[in-house]
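Look at the sequence and the model, then work through each solution.

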Amino acid sequence: MPLLIAPTTSLYTAFQECRDDWGPGLHEDGFGIHADDDLDSPEGFADWVGRRLHLDHGAGAPCPAERHASCRWIVEDGQVLGGIAMRHRYDDDLGQIGYGVRPSARRRGLASWALGEMLREARTVLGLRRVLIPCLVDNLASARTIESQGGVLEGVRDAGHVRVRRYWIDLDR
């Protein structure tokens, strides 16, 4: 059975295997990887994990002023299968939740399950009433995942060099 856990350095090797499953490039949505992140060395990885955890906070704690998110990994049997992150503040460009499942773990319902878990956290921990979740216009699997959790298409918008579908999910439903 999968679990959503906070990023941890104890899964360094499992994370490397997950990242390798995607292949080269920065397309592992839900992990918050940037071009200058060193994920190859244990020290760089530990720094990156620390930054993922630094601004996460629990219920009742005030949000820090900096941009921040709750980052979770989808883990099962010691394997990192994907990642999901929820921004605590509304971001009209990036939306509030982003996620990704490694290619070898897709088509098992993991993204829908993880999104449902994060929506519960958005409602209960952050007290949000609705969230915006975008996905690339040609990512039909992600569109179906969002729709399965109650996503209603607002429309399609240019976001830099890509087009995205913008979905709203009402958390009071």
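**Exercise 1. Find the bridge partner of E76 in β3, then describe the strand pairing.**

Start with E76: its bridge partner in β3 is Q79. Next, take the whole strands: β2 and β3 (residues 79-87) pair in the antiparallel sense over 8 bridges. Strands are DSSP runs of E with at least two residues, and helices are runs of H or I with at least four, numbered from the N terminus. Two strands pair if DSSP finds at least two bridges between them.

A word on the source: this is a predicted model, where local features need pLDDT of at least 70, side-chain atom pairs count only at pLDDT 80 or more, and totals for chains, interfaces and linings use all residues. Residues are numbered from 1 along each chain as its sequence is written, and side-chain values use heavy atoms, leaving out hydrogens and water.

**Exercise 2. Give the strand order of the sheet and name its edges.**

The order is β1-β2-β3-β4, in an open sheet of 4 strands with antiparallel pairing. The edge strands are β1 (3-5) and β4 (97-101), as each pairs on one side only.

**Exercise 3. Sort residues of α2 into buried (under 20% relative accessible area) and exposed (over 50%; partly exposed lies in between; 1.4 Å probe, protein chains only).**

Buried: G44, F45, W48, V49 and R52. They share one side of α2, because they cover an arc of only 135 degrees around the axis, taken from the directions from the helix axis to the C-beta atoms. Exposed, on the other side: E43 and H54. Now find the cover: it includes α1 (12-22) and β2 (69-76).

Conventions
Contact = heavy atoms within 4.5 Å.
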